[in-house]
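Subject: Structure handover

Hello,

Here is the structure I promised to pass on. Please open it first, then read my notes below.

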Amino acid sequence: MDTIAAIAAGGGAPSAIGIIRISGPECFGLCGRVFRSARPFGELEPRRMVLGDILDREGRVLDRGLAVRFPGPHSYTGEDSAEIHCHGSPVVLREALAALLAAGARQAGPGEFTKRAFLNGRLDLTQAEAVIDLIDAETAAAARNAAAQLDGGLRRRLEPIQEALLDVTSRFYAVVDYPDEDIRDVRPEEVRGAMIRAENALTCLLASCRRGQVLKRGVRTAIVGLPNAGKSSLLNALAGYDRAIVADVPGTTRDTVEESVLCGGVLLRLVDTAGLRETEDEVERLGVERSRKAMEAAELILLVQDGTAEVCPENKAHWEAEAALLNQVARTGKPWLCVKSKCDLTGPYAFSIGLIQKDANNPAACLCVSSVTGEGLGKLAEAIAALFPAGDPGEAGSLLTDQRQEDAARRALEALRRGREALENGMTPDAVLTDAEEALDTLGELTGRTAREEIVDRIFSRFCVGK
């Protein structure tokens, strides 16, 4: 492999500290031409920062900073690596990188340092994916899960499944290849037992997908309701600042407005929508259509109702529209919550057009909130947390957080089920061996042991340069 270099921190805007990473067989020699210290770079004590001068392409002093070397294989990439720490001026970083490139290094591609760590056996594919998850984490829970997965949490959960299947398949081949040896035949009940254990473990693993994906990307949440119900005020209250325009005039929101907030420990991707009503205004009509699409795409729906609307004959049309919208939301089959707004003007009271029955998709029935005083927002957070529970802290690192991981685990499970059913229908162990091997290969895709090159390339293309 050649030697690569990239700016790993800073470079985009001035910062206190900037970092350049270098890795490859000529790493220490190249660094010695750009970083000047009391001792030659290759003789510096490993993993210890040293003060020195950072030189440009002409050998002139560009900055004074620190450098550290990591001899392979005990480095992040598994090969000789180093870091140069300088002041975070984008100019200094670019000039220092240019000096390394002029000395013979190559500009690293996206994720190339971590890809080398994977190819050199320092990380498996689930750990490599955890690196980008850790960088992109937007909540403390997501960061903890990614850190535990980087520590091998998911790999350790998969290893017993793979070992059980390997034991069965390898013993079968041993009996076939060495018939004269005293090797006990593989009995059908052994194969069935191994498959059932692997099947149960994968079923439990797949059950973690929803929690893992909620941790990683949050919950797409549509705030819907009739015009002037208080939807934008609720978005602003949850966001903590005036993200959406609020006015007493119905139909103020003409387009969807999006914001990410942490509520009840759950990352919500809030989408404030235009009020749902029939309208002759072409622009508002387009906004209403987008609102309906946002509701269809949502994983959680917050149905906001105006708590100041009076129950009287004059408001019959309003309450009929509220009832129709409520039924429409409930029929989606998605998790949803009914939120009575403006309770600072009315005080909490029972739902006016009929009791909403609590169910798995709506654990709180109806919540009264005030976007002005914040009253009821804590209860809303509790209801959202109940819909999207965090799970057992001990699961951290062993949750499937990626669609690729889920797909591989699901295909492995399907192969195991086919094999077990065939065995229970009277097939001999050798006939179901193909299914067990398919499950092993698919689990190998998950960890990277048998992953195709295009899958690996696609994963690392998501990384930033320098990582």
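Leu 262 stands opposite Leu 267 in strand S10. Strands S9 and S10 pair in the antiparallel sense over seven bridges. Two strands count as paired if DSSP finds at least two bridges between them. Strands (E, at least two residues) and helices (H or I, at least four) are DSSP runs, numbered from the N terminus. S9 and S10 form a hairpin, with two residues between them. Gly 264 in that turn has a positive phi of about 65 degrees.

Before you go further: this is a predicted model, where local features need pLDDT of at least 70, side-chain atom pairs count only at pLDDT 80 or more, and totals for chains, interfaces and linings use all residues. Residues are numbered from 1 along each chain as its sequence is written, and side-chain values use heavy atoms, with hydrogens and water left out.

Arg 220 has Arg 269 in S10 as its bridge partner. For Thr 221, the partner in S10 is Leu 270. S10 is mostly covered, with six of its seven residues buried. Buried means under 20% relative accessible area, exposed over 50%, partly exposed in between (1.4 Å probe, protein chains only).

In H13 (residues 377-387), the buried residues are Leu 377, Leu 380, Ala 381, Ala 383, Ile 384 and Leu 387. Seen down the axis of H13, they fall within an arc of 160 degrees, so they line one face of the helix. That arc is taken from the directions from the helix axis to the C-beta atoms. The face turned away carries the exposed residues Lys 379, Glu 382 and Ala 386.

Last, Glu 406 is found in H14 (residues 403-424). Glu 406 is buried, at 13% relative accessible area. Leaving aside neighbours within four places in sequence, Glu 406 is in contact (heavy atoms within 4.5 Å) with Leu 206, Cys 209, Gln 213 and Leu 400.

Best wishes
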